[in-house]
Every structure is written in structure tokens, then in C-alpha cells.
Amino acid sequence: MRALCSPRTPCFVPRAIASIWLTFIALSLTPAQAQTYPARPVRVVVSTAAGGITDICARVLGHLITMRTGQTVVIDNKPGGSGNIGMEFVSRATPDGYTLGVANTGQIVINPFLYAHMSYNPLHDLVPVGSIGAVPLFIVVSGRLPVHSLQEFIAYAKARPGKLSYASAGSGTTPHLVADAFLRRIGLDLVHVPYRGAMPGVMDVIAGRMQATFVSMGPYMDFVRRGDLRILGVAAEKRVAYLPDVPTFAEQGVPDFIASTWFAMFAPRGTPPAIVEQLNGYIRAIASDADARRRLDAAFIEPTPLSRADFTQAVAADAEKWKTIVQAAGVRGD
């Protein structure tokens with residue numbers, strides 16, 4: 001008997017025949033074949049343009065997955081909308097483990113509180129898989145500024161209320177919110193000048209048109225070596241290995257001021273837990289993979305091998321923290 005199918009009508013197969021078909025399919029697959037993942041290329045959507053730290057993390061992970069499974073990982077950059085375009089695409093994908101996303105802190109735990117009318121909720125519609133790596137934020141000033149420590153900068157700014165400016169990668173970005181939190185914590189009055197991205201703002205700090213900014217140091221180390229930029233402190237629990245002479249904020253009288261950006265993988269809600277756990281295992285393997293470590297070290301990215309459960313808890317805690325910071329800053333996205 002034929003199944004009755006058409007483009008407008010679903011197939012109807014008699015129950016007995018359907019049962020025979022299902023039995024045949026089940027018997028024709030070995031347990032290994034039925035459970036193998038990935039069995040075809042995996043698409044990883046990146047929420048930013050190629051070349052940035054988020055993209056680097058995605059490519060390092062993609063290469064490791066390919067080496068361990070033999071399956072191709074296709075990196076698909078979908079920048080725009082402060083990362084919302086790419087991550088919304090992931091949230092609406094089939095939850096089968098073959099469309100995944102790599103995003104950063106801002107796109108997951110800041111955007112929901114920054115934008116009033118998002119068409120999806122990353123904290124609800126995406127499943128945390130694992131954190132690939134993280135970078136702390138540093139406060140840097142122009143090499144022309146006559147300050148060489150955080151306390152000297154604070155004294156210099158307090159003596160010139162409203163006369164100094166700080167650059168950010170844009171209103172509502174992580175560097176802006178961290179700078180705003182720092183200024184409110186210390187009681188400093190600096191003018192905020194948002195730019196379209198971090199690099200233009202850094203270039204104006206170098207030129208002396210801006211006095212300070214918060215950045216992750218990877219792209220700007222050459223400017224530091226030439227003396228164009230001066231690092232005053234790192235917003236981390238301890239000094240970083242690649243800049244051991246840079247003191248933390250706590251060491252300079254500003255305790256518990258910690259700010260970093262993580263870069264992590266997310267999956268559409270409903271993705272099978274076994275697949276999520278398998279992917280988390282690949283992410284945690286980065287910390288012990290020599291090639292992956294070399295590539296992350298070159299970009300000053302520290303691996304963060306958390307279990308799926310621990311990373312899920314970290315995302316929830318970060319969401320509460322950044323919700324408070326965004327509300328205190330009083331900023332809203334476009």
C-alpha cells in the first residue's frame with residue numbers, strides 16, 4: 001500500500017508497515033552509529049567579525065573538535081546588532097548540536113538588560129555549553145599623561161573634575177560599563193566619549209585627545225612597548241603571567257574590582273544534554289592541548305575549563321552582576 005503524501009498533506013502509513021520500517025531501521029544501525037556525534041559538519045556561528053578575540057576562540061575550538069572527531073567545523077561570522085543577530089540565529093536553529101554559537105560576556109549577560117525590545121532572550125533561549133577562555137580588562141592611559149600608577153591617575157583626575165575624558169568601544173559595551181563602575185566607585189568626574197569599536201578610542205588615547213580607556217591588552221601590546229600607552233592596573237584577582245609587573249586594582253587600594261570578558265559556546269535550548277556534555281568536554285580539553293594553548297596564548301587569552309554545571313552557574317551569577325551595573329550606569333541600547 002502506498003503512503004498518501006503531497007506537498008500539502010503529510011504522509012500517512014498504516015501502523016503495521018510503519019512498525020516494520022522502524023524495526024528495520026533500528027536493526028540496520030549499530031549502537032555506535034546511532035549515538036555518534038558529530039556525524040556531519042558542525043556550524044559554529046560567531047557573534048562578531050573575523051579576527052577579534054571571540055572569533056579566535058571559536059576557531060581554536062573548531063580546530064580542536066575537527067582534530068578529535070574528523071568532522072569539519074564551519075565558522076560562520078554573523079556580526080551586527082551588538083552580537084544579537086548571530087546569537088538570535090543560533091537560538092532559532094534546530095537543537096541537534098549541528099548549529100552552535102560562540103559569544104562573549106556582553107552578548108549574553110549584558111544585552112538582555114541593555115536592550116528593552118530584544119526579539120529573543122539569550123539567558124532563556126540558549127544553553128550554556130562551556131567557557132573557552134577569558135581576558136581581564138586593564139586601565140590604560142596616554143603615554144603623554146604624567147601618571148604612572150592608579151593612585152596617581154586618581155589624584156590627577158580629582159584635581160581636574162570634568163576636564164578629562166575616557167574612551168570606550170561604545171555606549172553600553174563592557175569597557176564602558178566597567179569604566180563607569182570604576183568612576184562611581186572612586187568618585188571621579190570624567191567625560192565619556194563612545195567610539196565605534198575599541199581601536200579608534202585607543203588611537204585617540206595615544207594621541208592625547210582622550211586620557212584613559214579600559215581594554216583587553218592583546219591587540220595593543222606593541223603600543224605599550226613603544227611607550228604610546230601606559231598600563232596602570234589590571235582588574236583581576238591576581239597579576240597576569242604575560243604582564244607580571246602590572247599590579248592589580250586591589251594592590252593599589254581598590255579592592256574587589258574585578259572585570260573580565262569571557263568567550264564561550266552556547267547551543268539552542270533543547271539540545272540533547274549528552275551532546276552538550278560532549279562539547280563541554282572538548283572545550284575543557286583546550287587547557288591541556290598544546291596547540292590550542294599556543295594559539296590562545298598568542299592572543300593573551302586564558303583558558304577557563306569549567307564543567308557545564310559550573311559554567312551555567314557562572315552565567316547566572318554574571319547576569320545578576322551586570323544587571324546591577326547596567327542599571328546603575330543608566331544606559332540603554334538603541
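Reply: Let us begin with the largest pocket, where H5 contributes the most to the lining, with five residues. Please bear in mind that this is a predicted model.

Me: How is such a space found, and what is the volume of the largest pocket?

Reply: Rolling a probe the size of a water molecule over the atoms shows where empty space is left. In this model the largest pocket holds about 1,300 Å³ of space. Its lining comprises 50 residues, and those closest to the centre are Asn-104, Ala-169, Thr-173, Gly-197 and Ala-198.

Me: Which elements each supply at least two residues of that lining, and how is the lining divided by class?

Reply: The elements are helices H3 (53-69), H5 (105-114), H8 (174-186) and H9 (198-207), together with strands S8 (212-215) and S10. By class, the lining has 23 nonpolar, 24 polar and three charged residues.

Me: What can be said of the second largest pocket?

Reply: The second largest pocket has a volume of about 790 Å³. It is lined by 28 residues, with Ala-134, Pro-136, Ser-260, Glu-302 and Thr-304 nearest its centre. S4, S10 and helix H13 (308-329) are the elements that give two or more residues to this lining. H13 provides the largest share, five residues. The lining of the second largest pocket has 17 nonpolar, four polar and seven charged residues.

Me: Let us turn to the sheets. How do strands pair in general, and in what order do the six strands of the open sheet lie?

Reply: Strands of a sheet pair through backbone hydrogen bonds, either parallel or antiparallel. Here six strands form an open sheet in the order S2-S1-S3-S10-S4-S11, and the pairing is mixed. Strand S2 (73-77) and S11 are at the edges with a single partner strand each, so one side of each has no neighbour in the sheet.

Me: Is strand S4 mostly covered or exposed, and which strands are joined to S4 by bridges?

Reply: Strand S4 (residues 126-136) is mostly covered, as eleven of its eleven residues are buried. S4 runs antiparallel to strand S10 (residues 260-268), to which nine bridges join it; Pro-128 has Phe-266 in S10 as its bridge partner. S4 is also antiparallel to strand S11 (residues 302-303), with two bridges between them, and the partner of Ala-134 in S11 is Glu-302. Ala-134 and Glu-302 are also among the residues nearest the centre of the second largest pocket.

Me: How many bridges join strand S3 to S10, and which helix lies across S3, S4 and S10?

Reply: Strand S3 (residues 99-104) is joined to S10 by four bridges, in the antiparallel sense. Val-102 stands opposite Met-265 in S10. Helix H11 (residues 273-285) lies across S3, S4 and S10 and runs at about 10° to S4.

Me: What is the strand order in the open sheet of five strands?

Reply: The order is S7-S6-S8-S5-S9, with mixed pairing. Strands S7 (190-194) and S9 (229-234) are the edge strands, each pairing on one side only. From one strand to the next, the twist averages 30°. Strand S6 (residues 164-168) pairs with S7 in the parallel sense over five bridges, and Ser-165 has Val-191 in S7 as its bridge partner.

Me: Which helix packs on this sheet at about 60° to S5, and which lies at about 140° to S8?

Reply: Helix H7 (residues 150-158) makes about 60° with strand S5 (138-142), and touches S5, S6, S7, S8 and S9. H9 runs at about 140° to S8 and lies across S5, S6, S8 and S9.

Conventions
Residues are numbered from 1 along each chain as its sequence is written. This is a predicted model: local features need pLDDT of at least 70, side-chain atom pairs count only at pLDDT 80 or more; totals for chains, interfaces and linings use all residues. Side-chain values use heavy atoms; hydrogens and water are left out. Buried means under 20% relative accessible area, exposed over 50%, partly exposed in between (1.4 Å probe, protein chains only). Two strands pair if DSSP finds at least two bridges between them. On a 1 Å grid over the protein atoms alone, a cavity is a set of points where a 1.4 Å probe fits but cannot get out, and a pocket is an open set with protein on both sides within 12 Å along at least five of seven lines; lining residues have an atom within 4 Å of a point. Grid points are joined across faces, edges and corners, and a volume is the space filled by probe spheres set on the points. Ala, Val, Leu, Ile, Met, Phe, Trp, Tyr, Cys and Pro count as nonpolar, Asp, Glu, Lys and Arg as charged, and the others, Gly among them, as polar. Contact means heavy atoms within 4.5 Å. Axes are lines fitted to C-alpha atoms, for helices over the stretch in contact, and angles run from 0 to 180 degrees between N-to-C directions.
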